[in-house]
Amino acid sequence: MVNTKVTLSGWTLDNPVIPASGTFNFGKEFADFYDINILGTFSFKGTTKEPRFGNPCPRIAETPMGMINSVGLQNPGIDHVIAHELPEMKKYFNKKVIANISGFSIDEYVHCCKLIDKEEQVGLIEVNVSCPNVHNGGMAFGTDPENVYAVTKAVKEVTTKPVYIKLSPNVTDIVPIAKAAEAAGADGISLINTLLGMRIDIKTGKPVIANTMGGFSGPAVFPVALRLVYQASHAVNIPVIGIGGVSSAEDVIEMMYAGATAVQVGAANLVNPYVCKEIIEELPRVMEKYGIKDLNDIIGKA
């Protein structure tokens, strides 16, 4: 018998498998495929103060072993999420969820986090300072340690739930940024968000994405994500949620060896809607294969 349970800031999950924000919406679509209550939890659609239509189309492009997206944080806004999405979610998900919050100013982050902190369905708040496909926000905060410190400190002053800061891989050195989040009071960090990439249609000579560039994700980014999780987790004393190219139970274990306490699955959900179910079902067998009795024993042991 193996133990797949992990703990994030006092919150115990049945397993470390978490669908990533932006790839699972609010869970309802996937609940039509399988009972999503088998998940550790999930991070819901990135939410901003005001509703957002997002970027112009086309905003998705395939790549070998991955994809580029420039959705641009399309979402119904924080008020709608609280009034409609969370009550609806109770019908098909009986665990607490991760609230992914984005903003274009510190005031917006504070506004949204203060509101979502009051919701009993939310287990922790994931503050996205790393979106690469919106202008004047997101990654502009996440690439500078001082800005990450300022956002984290401001959000922590208005919240009681654990706050995890979602960091960008599009930086020279992740360590000072991770340390800045920790110094400002972050309870944990999530990484990575997408890399910045683009495709060009050689028939027209024009970028495939209307926004020219977008977030690059999928199996191709896994080694980069693993490296950054390793560097960040060894630089801080707070939990790390590993994200980036995860698509198998073996990937989950590798991420945890690198230092992740839990693991988010992103682009793979868009290729195979059953992928998280399959990973959860496969995880005990893979643990037994490699002589792992308790996942907590391997965190950061690489």
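Reply: Cys276 is buried, at a relative accessible area of 0%; buried here means under 20%, exposed means over 50%, and partly exposed is what lies in between, using a 1.4 Å probe and protein chains only. Cys113 is buried too, with 0% as well. Keep in mind that this is a predicted model, where local features need pLDDT of at least 70, side-chain atom pairs count only at pLDDT 80 or more, and totals for chains, interfaces and linings use all residues. Numbering starts from 1 along each chain as its sequence is written, and side-chain values use heavy atoms, with hydrogens and water left out.

As for disulfides (a pair of cysteine sulfur atoms within 2.5 Å), the structure has zero. Cys113 is accordingly in none, and its nearest cysteine sulfur, on Cys112, sits 6.9 Å away.

Helices (H or I, at least four residues) and strands (E, at least two) are DSSP runs numbered from the N terminus. Helix α8 spans residues 249-258 and is mostly covered, with seven of its 10 residues buried. Those are Ala249, Asp251, Val252, Ile253, Met255, Met256 and Ala258. An α-helix has 3.6 residues a turn, so residues three or four places apart point the same way. What do the buried residues of α8 pack against? Their partners are the strands β1 (6-8), β14 (240-243) and β15 (262-265), plus the helices α7 (222-233) and α10 (275-289). Just past the end of α8, Gly259 takes a positive phi of about 135°.

Asp32 is exposed, at a relative accessible area of 68%.

Zooming out, the protein chain has 10 helices and 15 strands, and 55% of its 302 residues are buried. Taking a contact as heavy atoms within 4.5 Å, 72% of the contacts between residues at least 6 apart in sequence join residues at least 24 apart. The C-alpha atoms fill a box of roughly 55 × 50 × 40 Å along the principal axes.
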